[in-house]
Amino acid sequence: MDHKDKLSHMTIFLHWIVALTMIALTAVGFYMTFNHSYGLYPYHKAIGVIILLFAVIRVVWRYRLGWPEPVREYPKIEHSVAHAAHWILILATVLMPISGMMGSGAGGHGISIFGLELVPSNYQDDKAIPFNETVASIGHVLHTWLGYILAATIALHLLGAFKHHWVDKDLTLKRMLGKRA
């Protein structure tokens with residue numbers, strides 16, 4: 001169970017596995033998009049599908065336990081911004097993989113996890129033929145916009161964590177690192 005002074009090992013594990021993987025996938029996604037370098041797509045998609053499982057477990061975990069109690073009282077605006085950021089992060093970690101799967105799977109590009117084919121590709125003359133162009137288009141647009149929203153919210157979340165640690169000198173960050181607050 002999570003307490004004000006200490007978070008459970010499961011909470012800490014789910015936070016870090018989802019956080020670090022989503023940060024890496026977001027960075028790789030931007031790299032591939034801006035450099036038109038698509039050789040990493042099979043890995044990006046496979047890891048995205050796998051992390052969806054952890055993200056869903058994390059959502060269920062949060063639903064069952066609720067949000068961790070802050071280590072101390074904060075100004076109302078700071079608490080509201082943190083609450084909104086946490087909701088955006090938890091929703092985006094589920095919606096990013098789903099939207100990516102919509103775009104890729106429905107777009108005829110297929111989805112596989114390191115060789116295990118989940119959705120077949122649909123190529124003809126080296127061109128992907130969408131199974132459902134509307135779903136693929138919605139998935140692509142959502143994935144793109146969620147990428148920007150996720151990146152901005154991650155930056156805000158990191159700034160907040162560093163503010164807690166270096167400015168407020170409270171134990172919020174240490175608690176997420178497994179220390180007792």
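Buried here means under 20% relative accessible area, exposed over 50%, and partly exposed in between, all with a 1.4 Å probe and protein chains only. The views below come from a predicted model, in which local features need pLDDT of at least 70, side-chain atom pairs count only at pLDDT 80 or more, and totals for chains, interfaces and linings use all residues. Residues are numbered from 1 along each chain as its sequence is written, and side-chain values use heavy atoms, with hydrogens and water left out.

**View 1. Histidine 15 in helix 1.** Helices are DSSP runs of H or I with at least four residues, strands are runs of E with at least two, and both are numbered from the N terminus. Histidine 15 counts as buried because its relative accessibility is 12%. Leaving aside neighbours within four places in sequence, histidine 15 is in contact (heavy atoms within 4.5 Å) with Arg58, His157 and Met176.

**View 2. The largest nonpolar core.** Such a core is a set of buried Ala, Val, Leu, Ile, Met, Phe, Trp, Tyr and Cys residues joined through side-chain atoms within 4.5 Å. Ten residues make up this one: Val18, Met22, Leu25, Ile51, Leu89, Ala92, Met96, Leu146, Leu150 and Ile154.

**View 3. Helix 2 crossing helix 3.** The axes of helix 2 (residues 41–65) and helix 3 come within 9 Å and cross at roughly 145 degrees. Those axes are lines fitted to C-alpha atoms, over the stretch in contact for helices, with angles running from 0 to 180 degrees between N-to-C directions. The crossing is left-handed, a label used if the near helix is turned anticlockwise from the far one by less than a right angle. On the helix 2 side, the contact is made by Lys45, Gly48, Val49, Ile51, Leu52, Ala55, Val56, Arg58, Val59 and Arg62, and on the helix 3 side by Ile90, Thr93, Val94, Pro97, Ile98, Met101 and Ser104. By class, this contact has eleven nonpolar, three polar and three charged residues. Here Ala, Val, Leu, Ile, Met, Phe, Trp, Tyr, Cys and Pro count as nonpolar, Asp, Glu, Lys and Arg as charged, and the others, Gly among them, as polar.

**View 4. Isoleucine 98 in helix 3.** Isoleucine 98 is partly exposed, with a relative accessible area of 34%. Glycine 139 lies 41 residues from isoleucine 98 along the chain, and the C-alpha atoms of the two are separated by 7.8 Å.

**View 5. Aspartate 125 and lysine 169, two loop residues with positive phi.** Aspartate 125 sits in the loop between strand 3 (123–124) and strand 4 (127–128), and has a phi of about 55 degrees although it is not a glycine. Aspartate 125 is exposed, at a relative accessible area of 76%. Lysine 169 is in the loop between helix 4 and helix 5 (172–176). Lysine 169 is likewise not a glycine, with a positive phi of about 55 degrees, and is exposed at 63% relative accessibility.

**View 6. Stretches named in the UniProt record.** The unreviewed UniProt entry places the feature "transmembrane region" at residues 12–34, 40–61, 81–102 and 145–166; annotations of this kind may be inferred rather than shown by experiment. Over residues 12–34 the chain is 100% helix, and the end C-alpha atoms are 33 Å apart. Residues 145–166 are 100% helix too, with end C-alpha atoms 32 Å apart.
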